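Biologist: I am new to this structure and would like a guided look at it. Could we begin with how residues are said to touch one another, and then go through the chain?

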Amino acid sequence: MLDESEFQNVSQAGQTWRYHDAGQGRPVVLIHGFPDTPGSYGNIARTLNRAGYRTIVPYLRGYHPDTLVPGRPYDLLRIAEDAVGLLEALDLQSAALVGHDWGATVVYGAAALAPGRVGGIVPIAIPHPSTLKPKNALQLLGILVLSRHFLYFQLPWAEAGTRRGDFRYIETLYRRWAPAWRGPERDAAVLRAKQAFARPGVLAGSIEYYRALSAKVDRRLMAPLTCRGLMVAGSKDFGGHLGPYKKSKALFGAGAELLVVPEAGHWPHREAESLFTDRLIHFLGELP
C-alpha cells in the first residue's frame with residue numbers, strides 16, 4: 001500500500017487533487033476505480049519507480065474529502081477533465097495514464113480531450129464506453145446481471161444500504177467481481193475501501209459517478225484516440241465476453257494491445273500483479 005502521510009495536495013481553478021508522488025523519470029499516472037483507493041497501486045508504483053519512472057497516484061475526485069467540490073458534476077466529460085486538470089496542475093506536458101474501472105473510463109476520456117498531453121493509456125477492466133452497446137435482448141440481460149450495481153446506485157437508499165453491516169455490500173462486490181482473488185492483499189484492498197467510504201461525503205461522491213451516467217455522451221469524448229494503448233482484461237470478468245475489447249482496439253490510431261489475464265476477474269492488475277507490471281513496463285518502454 002501507499003503511506004497516507006506521503007500524500008500531498010495541489011489545487012487549481014477551484015479543484016484540489018490529493019495524490020502520491022514518487023520516483024524520477026517519465027511520469028505515469030495510476031488512477032483507481034470503484035470500490036478501491038490509490039493504495040492498491042502501492043506495489044505496482046514501487047516497481048515502476050525502480051524501473052526508472054515517476055508515479056503519480058491520485059484519489060479519484062470524491063474519494064477523499066479534500067477533493068470534494070460542491071456542485072461539480074461527475075459526468076463523463078467532467079471526470080475526464082479531472083485527469084487533464086491534474087496534468088496541468090502538476091505542470092506535466094505529457095504522461096502515460098493507467099486506469100482501472102472508473103479510472104479506465106477517465107483515461108479514455110482524457111486521451112480524447114487532450115491527445116497532445118497523453119502519451120499512452122492503459123485501461124484496465126473496462127473497454128471503450130462506445131463499444132458497450134448490446135446488440136440484442138440476451139446481451140442486454142447479461143450486462144444487467146453483471147452490472148446490476150449500476151441500477152442499485154440509482155436507488156434513493158443506495159448510500160444507506162451500502163453502509164449497512166460495516167459496508168457489507170463492498171465485500172459482496174469484491175466476491176462477485178473477482179471470486180478467485182483471495183488473500184491478504186485482497187482483504188487489505190477491501191478494508192481501505194471501507195475506510196475511505198466512511199469519511200464524510202466520500203460514499204455519496206462515489207455513488208454520484210453512477211447517477212451522472214447518461215446515454216448522451218459529449219462528442220468531444222468520442223474523438224479518435226491518437227495514442228497507443230494497452231487494454232487489460234480478466235478472462236472471467238464480464239462473463240468472459242471480450243468482444244467490446246476487440247472492438248476497442250480499432251479505435252486507437254497508433255495501435256493497441258489486449259492483455260487477457262487468465263482466470264482473473266475485475267482486478268486483473270492485482271490478481272496477477274507481476275504479469276501485469278511486467279507487461280506495463282514493456283508497454284511504457286515502447287512509447288515514443
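Modeller: Contact here means that heavy atoms lie within 4.5 Å. Among contacts in the chain between residues at least 6 apart in sequence, 75% join residues at least 24 apart.

Biologist: What sort of model is this, and how are residues numbered?

Modeller: It is a predicted model, in which local features need pLDDT of at least 70 and side-chain atom pairs count only at pLDDT 80 or more, while totals for chains, interfaces and linings use all residues. Residues are numbered from 1 along each chain as its sequence is written, and side-chain values use heavy atoms, with hydrogens and water left out.

Biologist: How many helices and strands does the chain have?

Modeller: There are 11 helices and eight strands. These are DSSP runs numbered from the N terminus, with helices being H or I over at least four residues and strands being E over at least two.

Biologist: Why is the chain described as compact?

Modeller: Its radius of gyration is 17 Å, close to the 19 Å that the globule rule gives for 288 residues, so the chain is as compact as a globular protein of that length. The radius is taken over C-alpha atoms, and the rule is 2.2 Å times the number of residues to the power 0.38. Along its principal axes, the C-alpha trace spans about 45 × 45 × 40 Å.

Biologist: What share of the residues is buried?

Modeller: Of the 288 residues, 53% count as buried. Buried means under 20% relative accessible area, exposed means over 50%, and partly exposed is in between (1.4 Å probe, protein chains only).

Biologist: Which residues touch the most other members of the largest nonpolar core?

Modeller: They are F34, V98, I121, V122, F197 and L284, in a core of 91 residues. Helix α2 gives the most to this core, with nine residues. A nonpolar core is a set of buried Ala, Val, Leu, Ile, Met, Phe, Trp, Tyr and Cys residues joined through side-chain atoms within 4.5 Å.

Biologist: Let us take V122. What is it in contact with?

Modeller: Leaving aside neighbours within four places in sequence, V122 is in contact with L97, V98, G99, L230, V232, F276, L280 and F283.

Biologist: Moving to helix α8, why is it called largely enclosed?

Modeller: Seven of the 10 residues of α8 (residues 202-211) are buried, so this helix is largely enclosed by the rest of the structure. The buried ones are V202, L203, G205, S206, I207, Y209 and Y210.

Biologist: Which helices do those buried residues pack against?

Modeller: They pack against α2 (76-89), α3 (102-113), α5 (149-152), α6 (158-177) and α7 (184-197).

Biologist: V202 brings me to H64. Where does H64 lie, and what does it touch?

Modeller: H64 is in the loop between β4 (53-58) and α2. With a relative accessible area of 9%, H64 is buried. Apart from neighbours within four places in sequence, H64 is in contact with E4, R18, Y59, R199 and V202.

Biologist: And T105, is it buried or exposed?

Modeller: T105 counts as buried, at 14% relative accessibility. It is in helix α3, and T105 touches L76, I126 and P129, not counting residues up to four places away in sequence.

Biologist: Turning to the backbone, which peptide bond is cis?

Modeller: The bond from F34 to P35 is cis, with omega near -10°. P35 lies in the loop between β3 (26-31) and α1 (42-50).

Biologist: What is phi for A13 and for F167?

Modeller: A13 has a positive phi of about 50° although it is not a glycine, and phi of F167 is near 60°, also positive in a residue other than glycine. A13 is exposed, with a relative accessible area of 83%, in the loop between β1 and β2 (15-22). F167 lies in helix α6 and counts as buried, at 7% relative accessibility.
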